[in-house]
Every structure is written in structure tokens, then in C-alpha cells.
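Dear colleague,

I am handing over the structure we spoke about, and my notes on it follow below. Please read them with the model open beside you.

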Amino acid sequence: MRYSFIIPVFNRPAEAAELLESLAAIRGEGDFEVVVVEDGSSDCCAEVVGRYDGRLSLKYVAQPNGGPAVARNNGAEHASGEFLLILDSDCVVPQGYLKAIDEELRREECDAFGGPDRAAEGFTAVQKAINYSMTSFLTTGGIRGGKRKLDRFYPRSFNMGVRRSLFLRLGGFSNMRFGEDIDLSIRIFESGARCRLFPEAWVWHKRRTDFRKFFRQVHNSGIARINLWKRHPGSLKPVHLLPALFTVGCALLLLLAVIGAPFCLYSLWLLLPLGAYALLVLLHSAWLNKSLGVALLSVLASYIQLLGYGTGFISAWWRRCVRGKGGEMQAFRDTFYK
């Protein structure tokens, strides 16, 4: 068998149904199986999986709750495909997904790969805004799969492909609570394996979140970057410092403006860079999304993305690098699937 889709699920039967339906729609594109791993859900998707018996080659695995990394590793043990295609349950696969992967592998063989994510037309305005903040060159530097990027491409677990033999040889995902997908990508590069971006193998990523949960997510990501650096010295790149520098810059401008305002109203001009960045995001998002409402929310999402990541990065750097505290730092713990 060529491919095994690995899908961890936690209390999301409706999402699982939407993803399985999209996989059934591409059944003619290639030889694949689907391994659904139920991660200790109270609202199980066994009945949903049963509906696709006969339409898909399916394996359903149940385990006690351990988080998506444990679920993916468990799924890999039950898989039989040459390549593991790892997706989040809140993704939907478009027509042509497997064809895009096949074409890239025929063009140039590799051992691991990943694709970008996009927002579908039917997504909510908040989902589209968060998608913008996570994929725009103006926020993340394009490192999540854009063709323009400031760093080499590291596949993320929402849309990742890897040879099963390599995955098992490297021990799969680590026990990191956050950043475990980047940890695996780094280990793939360190092993000498070939890893590439497949720009046309994209998925719709629903990002089931609100702005509060989004802040928690990106704050954890900032912490994870320092944890990754401690595990893999040399993995920290200049692009990873940008959100922290942005956060410090925002704090200094706001502080100076507040201190100077009682004495000189011209000090409020210090806030001009913040407004200029907001305007740039507004115009760019409005052009991409064709919606002023989404564009306004994109400004908020972009500031949350940069400040959340920046504060997480700075707090972890202070604790682990300045104060010398050992052990991997965690902040918001109950966010495996949020």
C-alpha cells in the first residue's frame, strides 16, 4: 500500500465525518488506507467511522487519552502504507490532494514532506482571520508553507507526510507536549533524510478556535521554540526572534507614549509604527480575503499571533536561559486539541 492517513480524534465526530467524506471523494486518486485513532474521547466517532466501511479502507484504534503525538505514534504502528500522511481532524482534503503528492514524488523523491493550509470560502470570519495570521508573510514569515519564506520548510503535523520506515526508525513523535511536530522535522533533517515542501498538496484547516484559545496556542508555540532550541542547539533561526523583537518594540513604544503624553502630545507619534503595521495587514488581508470585516479581524489576529508567540518565547527564554531553570517549560496545559 502506498499511503496511510493517520488521524487522531478527540471528541470531534462531526469533524471526523467531514474529513472522512473528503477522503472518500479522492478514493480514485491513489492506493491508501485511513487509520483513525480515538484518543480517549467521551464523544466517540466509532459510529461515524462505521458509515465509511466499504467506502474506505479503514482501521479504527481506541486508546486512553494521551494527546495527538501518542495517538499518531499508535496509528503508525497499525499502518501498512509506505508513506504516513498525518492530518489533524479539523482539516478537509481537497480534490487533487493525492495527485499533487504523487506528482511531487515523481518529480523528485524525498523521505518527508508537508503542505500548506488554506481557509475555505465557508469558514467563519474569525477562522479566516486566524488563518491569515498563521500563513501570511507579514506575520509568520511564510514558514508554515508559503512559497516565500524566511526559513527552510519544516512540515507541521496538520499536513505532514513521512516514510513509515523513517518515522519508526526515528521513534515517531517525542513526548514534548507542544512543538513535537517541529521536533520530528528537525530530527528528520538531522538524520540526513530529504524533506521538501509540496505547495500544491494543501488542505483546508478549520482552526476550531476563538481569539482567547488562539492566544494560548501561539503562547505555547513561543515557549516550545525555546524548548526545541534546548533539545536541538543550532535550531534557533533569526526568523524565530522576530515575534519577540516585535513584542519588546510594542511594549517600549507604548511605554514611551504613555510616559510622554502628559508632557508632549507629539509623543503619541511613537504609536505611528503600530498603526502603520495594522494598516499594512488590513490592506493585505482585505486584498486576499475580499472582505473588510475579515481584514479588521486579521489585524487583531496578527497582533495576537505575534504578541502571544513573543511573550511565550520571552518567558521561556528568561526561565530557561537567564535563570537556568531545568526541564521543559509549559504554560497552558490542556490544549491538546484546542
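In strand β8, the residue that bridges to L85 is G161, and this pair belongs to an antiparallel pairing of β4 with β8 (residues 159-163) that runs over five bridges. Please keep in mind throughout that this is a predicted model.

How many of the residues of β4 are buried? For this strand, residues 83-87, the count is five of the five, so β4 is largely enclosed by the rest of the structure. The side chains of F83, L85 and L87 point one way from the strand, while those of L84 and I86 point the other way, and all of them are buried.

Turning to the helices, α5 (residues 125-135) is mostly covered, with eight of its 11 residues buried. These buried residues are Q127, K128, A129, I130, N131, Y132, S133 and M134, and what they pack against is β7 (117-118) together with the helices α8, α10 (272-289) and α11.

Two of those partners of α5, namely α8 and α11, also pack against one another: α8 (residues 211-231) and α11 (residues 292-322) meet at an angle of about 35 degrees, and their axes are 7 Å apart. The crossing in which α8 passes α11 is right-handed. Sorted by class, the residues in the contact of α8 with α11 are 16 nonpolar, nine polar and three charged.

With a disulfide taken as a pair of cysteine sulfur atoms within 2.5 Å, the count of disulfides in the model is zero. C91 is in no disulfide, and the nearest cysteine sulfur to it, that of C45, is 15 Å away. C91 has a relative accessibility of 1%, and because buried means under 20%, C91 counts as buried. C110 is likewise in no disulfide, the nearest cysteine sulfur being that of C195, 7.0 Å away. The relative accessible area of C110 is 0%, so C110 is buried.

With best wishes

Methods. Residues numbered from 1 in each chain as written. Predicted model: local features only at pLDDT ≥ 70, side-chain atom pairs only at ≥ 80, totals over all residues. Heavy atoms only, no water. Axes fitted to C-alpha atoms, helices over the stretch in contact; angles between N-to-C directions. Helix = DSSP H or I, 4+ residues; strand = E, 2+ residues; numbered from the N terminus. Left-handed = near helix turned anticlockwise from the far one by under 90°. Nonpolar A, V, L, I, M, F, W, Y, C, P; charged D, E, K, R; others polar. Buried < 20%, exposed > 50% of the residue type's maximum accessible area, 1.4 Å probe, protein only. Pairing = 2+ DSSP bridges. Contact = heavy atoms within 4.5 Å.
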